[in-house]
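Let's walk through this one together, in a few questions and answers. Take a look at the fold before reading on.

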Amino acid sequence: MPARPLSDEALQLAAAVRDALAHRSDIEERTLFGCLAFMVDGKLCLGVKDDELLVRLPPQRHAEFQERQGAREMSPSGKMPGYFWVEPDGYATRTQWEAWLHEALAFNPQARATPARRPRPGA
């Protein structure tokens, strides 16, 4: 089944993330959690779904990030601490944008690696 085309908002946001990560050589893009995920050093770091930015942050600071403007937990059940969707009003200014990117990239070296994909049966 072909992937769903990205919305104009997602294309613009993905381009902004690519531009922000252009200085790195360890970036891989893949589909994960229904979004375009940006893997840094083999670990999920950022993602884009429509006009929302997915950020992976230190789980021990979950409550702090939860209070930031435009941020909402990826899993309201609490099963994924440190994963947040950020709505446009949460990354609208250069300061907000850079803060999210800085936090996600600073946490990445400590993040656990994303498990390798299992091959699909018959593939």
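**Fold and packing**

Buried residues (under 20% relative accessible area, with a 1.4 Å probe and protein chains only) make up 39% of the 123 residues in the protein chain. This is a predicted model, where local features need pLDDT of at least 70, side-chain atom pairs count only at pLDDT 80 or more, and totals for chains, interfaces and linings use all residues. Residues are numbered from 1 along each chain as its sequence is written, and side-chain values use heavy atoms, leaving out hydrogens and water.

Q: What pattern does the protein chain follow along the sequence?
A: Helices (H or I, at least four residues) and strands (E, at least two) are DSSP runs, numbered from the N terminus. The chain has 3 helices and 6 strands. Read in sequence, they give α-β-β-β-β-α-β-β-α.

Q: Which strands stand at the edges of the sheet?
A: The open sheet of 6 strands is ordered S1-S2-S3-S4-S6-S5 with antiparallel pairing, where a pair needs at least two DSSP bridges. Each edge strand has a single partner, so one side of it is left without a neighbour in the sheet; these strands are S1 (27-32) and S5 (71-73).

Q: Which residue in S3 is the bridge partner of Phe 38?
A: Strands S2 (residues 35-40) and S3 (residues 43-49) run antiparallel and are joined by 5 bridges. In S3, the partner of Phe 38 is Leu 46.

Q: Is Cys 45 buried or exposed (over 50% relative accessible area)?
A: Cys 35 has 4% relative accessibility and counts as buried. With a value of 1%, Cys 45 also counts as buried.
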